[in-house]
Each structure stands twice: as C-alpha cells, then as structure tokens.
Amino acid sequence: IRRRMAEIRQAKSAGQGEQTLGQRIRTAREAAGLSQVNLAAAANISQGYLSQLELDEREPTLPIAARIARALGMSLDELAASVSSSS
C-alpha cells in the first residue's frame with residue numbers, strides 16, 4: 001500500500017510540474033551536503049524513516065517535518081517551497 005500511495009503522490013506531483021515533499025527533502029539535504037545518516041541524526045529520526053520520507057513511502061507529521069527543516073537550516077515554509085520556486 002505504501003508503494004502504491006507513493007506512486008500516486010509522485011504521479012500527481014509530476015503532472016503538476018512540482019516535486020513531492022520527499023523529493024524536496026532529498027534535494028535540500030543534498031544541497032546542504034548532508035548524508036541521510038547526518039540529517040536523520042540532526043532531526044532525531046532514524047535513517048530508515050528518512051529514506052521512506054524521501055521515497056514518498058511515508059508522510060511526515062508536522063513536528064517531524066519541522067525538525068527536518070530546522071536541521072536543514074530552513075523554515076518549514078522554505079522547505080515546502082524551496083524546490084518549486086527554484087524550478
């Protein structure tokens with residue numbers, strides 16, 4: 001079910017010319033020069049969970065999304081808009 005839901009989210013985002021939240025997290029993490037392990041530790045989540053988020057297999061809760069954004073040195077709003085506004 002998770003994989004199918006991820007496919008649906010990715011297809012919907014691709015059709016709108018946008019990236020999913022998972023894709024935006026990965027892009028921001030890579031731009032910051034962080035590994036999954038480093039970002040997961042900074043956000044106090046497991047690397048496996050971060051991987052699932054980046055693959056759109058899971059949706060983060062608002063507090064976890066905020067911790068990820070903070071660990072990336074940005075606000076949650078910036079993370080949510082960072083890739084869409086730069087494309």
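What share of the contacts in the protein between residues at least 6 apart in sequence join residues at least 24 apart? The share is 54%, where a contact means heavy atoms within 4.5 Å.

This is a predicted model, in which local features need pLDDT of at least 70, side-chain atom pairs count only at pLDDT 80 or more, and totals for chains, interfaces and linings use all residues. Residues are numbered from 1 along each chain as its sequence is written, and side-chain values use heavy atoms, with hydrogens and water left out.

View 1. Helices (H or I, at least four residues) and strands (E, at least two) are DSSP runs, numbered from the N terminus. Along the sequence, the pattern reads α-α-α-α-α-α. Of the 87 residues, 30% count as buried, meaning under 20% relative accessible area, while exposed means over 50% and partly exposed lies in between (1.4 Å probe, protein chains only).

**View 2. Helix α3 (residues 36-43) has a buried side.** Look for Gln 36, Leu 39, Ala 40 and Ala 43, which are buried. They sit on the same side of α3 because they cover an arc of only 100° around the axis, the arc being that of the directions from the helix axis to the C-beta atoms. An α-helix has 3.6 residues a turn, so residues three or four places apart point the same way.

**View 3. The buried residues of α3 have packing partners.** They pack against α2 (21-31), α4 (47-54) and α5 (62-71).

**View 4. Turned away from the buried side of α3 is a face with exposed residues.** Here you can find Val 37, Ala 41 and Ala 42. Just after α3, Asn 44 takes a positive phi of about 60°.
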